[in-house]
Amino acid sequence: MRLQLSDEDVAFREEMREFFTTKVSKEIRDTVAARHELTKEQIVEAQQALNAGGIAVPNWPVEWGGKDWTPLQRHIWHEEMQLANVPIPLAFNAGMVGPVIAAFGSQELKERFLPKTANLDIWWSQGFSEPDSGSDLASLRTTAVKEGDEYVVNGQKTWTTLGQYGDWIFNLVRTDPEAKKQAGISFLLIDMTTPGVTVRPIELIDGGFEVNEVFFDNVRVPAENLVGEENKGWDYAKFLLGNERVGVAPVGATKRSLSAAKDYAKTAGPGGTSLLDDPLYASQIADLENELLALELTALRVVAHSTDGKPHPASSVLKLRGTELQQAVTELYVDMGGPASLASGAGPESDLADWNKVSTPYYLNFRKASIYGGSNEIQRTIIAGTILGLRG
Amino acid sequence: MDFTLDAEQVALRDAVRGLLGKSYESSETRRAVTKQDPGWDEKTWAQLAEMGALGLPFAEADGGMGAGPVEVSIVAEEIGRVIAPEPYVEAVVLAGGLIAAAGTDEQRAEILGALSEGTLVPVFAHNEPGQRYSEAGAGVTATKSGDAWTLTGVKEPVIGGARADLLIVSAAVDGGTGLFLVKPDAEGLTRDGYATFEGGRAARIGLNATPATPLGEAGDQSGVIAKVIAEAQIAYGHESLGAMQSALEQTTEYLKTRKQFGVPLSTFQALTFRAADMYVELELARSVVTWATLVLLDGGDAQEAASRAKLQVSKAGRHIGKEAIQLHGGIGMTAEYSVGHFTSRLTAIDHTLGDGRHHLALLVERLDDHGVIEPLP
């Protein structure tokens, strides 16, 4: 047992720190630090800066721009990026469709899509969820019927995050309606400018438009856009969702956010006094810090013990507790603001601190974290079933 | 960075697990042992000594094994796994640690040698009525007359105090807190032993002009006390991990086998989700406690690490202990069944050397020292 990083990993950490704080514009990092929404252009710019440095898609095969890093190095990359307020590469591109195309796509699909996906020249959307499917993804109903060398797609996807920016969408579609539910699903890439594709934004409780409905009305898709084999899409989706576990606990971002809360707390009390002198706030913050330490150390145990791509059993803990803590910190901001937290619509003439204006929308927005990516109830089911062996 | 045990450490763990598994193969054995004084099994203690477990942290020159905090943590965790009543953390880590840190060459060789061999059990007499988790021992006064020292005051509860062969007593001296060796048969000393709720033993130790020998230098030893207490807090964290692991395993097994309404309890999601949350708490606590041991190994800030470990273990131990009983239902309440004993022991450990609330308050004092917490050096 040993706590210290190897000299090599320490050097790696320094290299990452240096890169993130010098190669990504300060304006973007300040926007993230202030918890303001990034524009599409800023997200693209940040990812292109990382891609220019060769570190946007380290989890891909080396041939396609990936890095032969250890799980620990990938963890360090991810944490340092968040600590430096650098937006992580767009998950749909870097974490989801890219690895699937690299692993299961034809050579032609790889050449056509992977470089543009890494560089965010194509903005991908995810077409998995449907109105009635929720966490029961395999119950999806959108169909793709083969006609000659085309698929004709009909149906509806929902919760399509940032779909308004999407150039292409990767979908799970039902290609064999007779097969039992997982067996008749395929993985299909669709150009969102194709006639018949309609994107409708959904307003959320924070007042933002982060998710969308996507309708497919007789959309004709070239058959060559099928990834891998027909009716094997569920396997690819499972592969994709398995990848999603890596970095699923946003420890770095939550740590940074809590540390900023501590700074804000110093003048957030009545008359500009420090809320850190309030024992209830102080103990809540200290307790959250300790829980985050526990989470980070658990993440380190998981990456240190992940071999051959098999995740450590404790990895389910990360999503579950990671999102709970992420949410707890957003709630702390609202509480610290008190009445000032009502001022979400205040403009530049407002006397209130900027963090007050974003805190409540942020808190409301982050209720999503325990729902998406396999709700926390799904995580508990996984822990009970696969780790504890408690199967209903 | 590496969180795995090496081959020798795995061998140590397996050996201790084997020994304690035989000594306490059922909760009935443990109950029988804890019903009679001294509350633990002298034979098991001797076997631990024979195996080298009692001398692990001490220098070879002092009769020990020259091992480190990781090896100590392995034994503590195995103690906790079967909640063996042997006073491992109390005698080896806490009392032994004080002697190793503060004792003269002669004191170390004499006492630690005998402790390692299992022939002498020292304990730390530090708690005082009216105090809580203080590092000072101000309620006992030390008086010097010529070259001789005497102590007056009361220590209680002194864990293992009735059976101990040697007491290390903290007492107020000029400029702070000193440490003194006191023989249980010394003049003016009274000890009244009693059982504690989890099957342990404690005592009231009365001192009335009782002759004492300074441990090491006859001055303020509060730095040593704080450091060794931190080591013991972390070791207790490992003992708790063992107990929590067993409580969870036993609960999981029960949910799989116990039938209600014609089906196993594991078919009820309300119950399996609660078991999943117990697992989450255990893994998070394991991470912090293991880290704290590595901080010790690394020579980092032991007190902060110990507080972090104690806080996490306090929360996890309460959660797991209470849920283990609840998920068992009525059987969990009975003394014949072991799951409640884990909860009892976890409760006792929580209130030894600072509970979660106490350590949270210590962490609050440090809240402004840092921006984010960096777990890796």
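Over the face of which residue does Arg35(A) lie, at 3.6 Å from the ring centre? This legend set treats a predicted model.

**View 1. Arg35(A) lies over the face of Tyr333(A).** The distance to the ring centre is 3.6 Å. Arg35(A) also lies over the face of Tyr362(A), at 4.1 Å from the ring centre.

**View 2. Trp124(A) and Trp168(A) form a tilted aromatic pair.** Their rings sit 5.9 Å centre to centre, with 50° between the planes. Trp124(A) belongs to strand β1 (residues 124–127) of chain A and Trp168(A) to strand β4 (residues 168–174) of chain A, so the pair ties together parts 44 residues apart in sequence. Both residues are buried.

**View 3. Trp40(B) and Trp45(B) form a tilted pair.** The ring centres are 6.3 Å apart and the planes meet at 50°. Trp40(B) is buried, with a relative accessible area of 6%. Trp45(B) is buried too, at 0% relative accessibility.

**View 4. Helix α8 of chain B spans residues 269–298.** At 1.5 Å a residue, its 30 residues should span 44 Å; the end C-alpha atoms lie 43 Å apart, which agrees. Of the 30 residues in α8(B), 23 are buried. Just after α8(B), Gly299(B) takes a positive phi of about 75°.

**View 5. Residues 6–119 of chain A carry the UniProt annotation "domain: Acyl-CoA dehydrogenase/oxidase N-terminal" (unreviewed entry).** This stretch is 68% helix and 0% strand. Its end C-alpha atoms are 31 Å apart. The domain assignment of chain A gives domain 1 (7–89), domain 2 (124–229) and domain 3 (246–386). The C-alpha centres of domain 1 and domain 2 of chain A lie 30 Å apart.

Key
Residues are numbered from 1 along each chain as its sequence is written. Chains are lettered from A and ligands numbered from 1 in the order in which they are written. This is a predicted model: local features need pLDDT of at least 70, side-chain atom pairs count only at pLDDT 80 or more; totals for chains, interfaces and linings use all residues. Side-chain values use heavy atoms; hydrogens and water are left out. Helices (H or I, at least four residues) and strands (E, at least two) are DSSP runs, numbered from the N terminus. The expected span of a helix is 1.5 Å times one less than its number of residues. Buried means under 20% relative accessible area, exposed over 50%, partly exposed in between (1.4 Å probe, protein chains only). Domain bounds come from an automatic or database domain assignment. UniProt positions are given in the numbering used here, feature names are shortened, and annotations may be inferred rather than shown by experiment. Rings of Phe, Tyr and Trp (its six-membered ring) pair if their centres lie within 6.5 Å; planes under 30 degrees apart count as stacked, over 60 as edge-to-face and the rest as tilted. A charge sits over a ring if NZ of Lys or CZ of Arg is within 6 Å of the ring centre and within 35 degrees of the ring normal.
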